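Where does a probe find empty space in this model, and how do its helices pack?

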Amino acid sequence: MKKTLFVNGNIILQDGILEGGKLLVAGDRIQRIWSGGEASEGKESGDGRRQKASERKASGDVRDNRGAEAWSKDEAGWEAPDETVDLQGRYLAPGFIDIHVHGGGGGDFMDAERSSWQQALSTHLQHGTTSLCPTTLTASGKEMESVFSLYREMEEEGEQNPSRPRLLGVHMEGPYIAESMKGAQNADYIKLPEKGLTDWLLEKGAGALRILTMAPELEGAGDVARAAREAGVLLSVGHSDARLEDVEQAVRDGYTMATHLYSGMSTIIRENGMRRPGVLEAAMLMDELDVEVIGDGMHLPASLLKLIVKTKGMDRIILVTDAMRAAGLPAGHYKLGSLKEGQTVWSDGQIARMPDGISFAGSVATADRLIRVMRDEAGVPLWQAVNMMTRNPARALGETEIGVLEPGKKADLVCFDEQIHVERVYRDGVEVK
């Protein structure tokens, strides 16, 4: 079993940053995290959670799956690691988790082609994403069946192949969405809830489908929600024209998330002079709902990012890229959705737009950019921005072995500099960048 020791790092834990810390990986697991001696003063202001390693050491902060007592003895006799990585003050964080991503690097998961999936997976891995949910658009039954089939193949291979991100299940947007809130979705494949189609989707998606984005106000949506929950599928309200009372019922039906907050969702309307909240206000108000946020600096300005943080708090925000195939590529024309059925959109390298030149057609961001925007533009402390891309999505999915740096957890690691430029990536303890 290979052992890798990381030294002189600013280790991003779920409750703060351990400066000048050490982290030991044994095989595919984190074995130990502990203080590494004196460290420089913290660079963040107003954080309140950043400690020098010497301060942690003085308070006895040793995290170890063998027990702290085992490491309280002199370290001279411990077994030397096979490799030592000097981080030279760079950050070491958990691998990023993206639960809403359509593609990247020229590939889209709707292509349902192995080479296209590999392009997307490789692109996001290079930017620190070690786990993700391939996300679909509204599409024909044939396309969806192909996506589910390829997912199962790629997931099985991926368990033995750490050179690409871990697959956490398909995130399916539609077909049960409101046409008035379709955004860039193809209206030809939007459907009203129907038992036969629902049964077919759950059967074909068995073992693959993880998240279903749906409009809960549609007639029959409650029956779909109950069937999906029985099948172990998580529910997210999105592309929806619902009112507050519809979302309240959705939560009772088992919804736990809201898809890309502000995008494709209703807001306040007036009926007979009275204001009626929509999905946006419901998602902000209801503590039961986690909210996806596309923190690319384009979909939402800094003021709205700050409002979301102030309203929802740090623990209920899940950063997502919602990236399409142009992510990681220069400006140009690209297909949104599959190469066969998708529509041509334009990317300027910062955002993708529909043919009207105004409406957004998904992002072209990668996970590192989201964390940078949340820190630099929304004023979120770095360790909490990282939680939004790691711990929070892991919790929302019920994934207990990833998302935080703790002894016993999977050794999915990202090393980056002060500007959050990713330099090293490890999945299951194996260096993949």
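## Basis

This is a predicted model, in which local features need pLDDT of at least 70 and side-chain atom pairs count only at pLDDT 80 or more, while totals for chains, interfaces and linings use all residues. Residues are numbered from 1 along each chain as its sequence is written, and side-chain values use heavy atoms, with hydrogens and water left out.

## Pockets

Rolling a probe the size of a water molecule over the atoms shows where empty space is left. On a 1 Å grid over the protein atoms alone, a pocket is an open set of points with protein on both sides within 12 Å along at least five of seven lines, a cavity is a set where a 1.4 Å probe fits but cannot get out, and lining residues have an atom within 4 Å of a point. Points are joined across faces, edges and corners, and a volume is the space filled by probe spheres set on them.

The largest pocket holds about 400 Å³ of space. Its lining has 23 residues, and Gly183, Ala184, His239, Ser263 and Phe360 are the closest to the centre. Strand β24 (residues 360-363) gives the largest share of this lining, 3 residues; strands (E, at least two residues) and helices (H or I, at least four) are DSSP runs numbered from the N terminus. By class, the lining has 9 nonpolar, 11 polar and 3 charged residues, where Ala, Val, Leu, Ile, Met, Phe, Trp, Tyr, Cys and Pro count as nonpolar, Asp, Glu, Lys and Arg as charged, and the others, Gly among them, as polar.

The second largest pocket has about 280 Å³ of space. Of its 13 lining residues, Met110, Asp111, Glu143, Ser146 and Lys340 lie nearest the centre. This lining divides into 4 nonpolar, 3 polar and 6 charged residues.

## Cavity

The count is 1 cavity of 30 Å³ or more. The largest cavity holds about 50 Å³, and its lining includes Met172, Pro175, Tyr176, Leu201 and Val224. Two or more lining residues come from each of α4 (195-204), β14 (209-214) and α5 (221-230), with the largest share, 3 residues, from α4. The lining has 9 nonpolar residues, 1 polar and no charged ones.

## Helix pairs

The axes of α2 (residues 114-126) and α3 (residues 141-158) come within 11 Å and cross at roughly 60°. Axes are lines fitted to C-alpha atoms, for helices over the stretch in contact, and angles run from 0 to 180 degrees between N-to-C directions. The two helices are therefore oblique to each other; angles under 35 degrees count as roughly parallel, over 145 as roughly antiparallel, 65 to 115 as roughly perpendicular and the rest as oblique. Contact (heavy atoms within 4.5 Å) involves Arg114, Trp117, Gln118 and Leu121 of α2, and residues of α3 including Val147 and Leu150. The contact residues are 6 nonpolar, 1 polar and 3 charged.

The axes of α3 and α4 come within 10 Å and cross at roughly 25°, so α3 and α4 are roughly parallel. Gly141, Glu145, Phe148 and Arg152 of α3 meet Trp200, Leu201, Glu203 and Lys204 of α4. This contact has 3 nonpolar, 1 polar and 4 charged residues.

## Backbone

Most residues other than glycine have a negative phi, and most peptide bonds are trans. The peptide bond from Gly174 to Pro175 is cis, with omega near 10°; Pro175 is in the loop between β13 (170-173) and α4. Gln88, in the loop between β6 (83-86) and β7 (91-94), has a positive phi near 50°.
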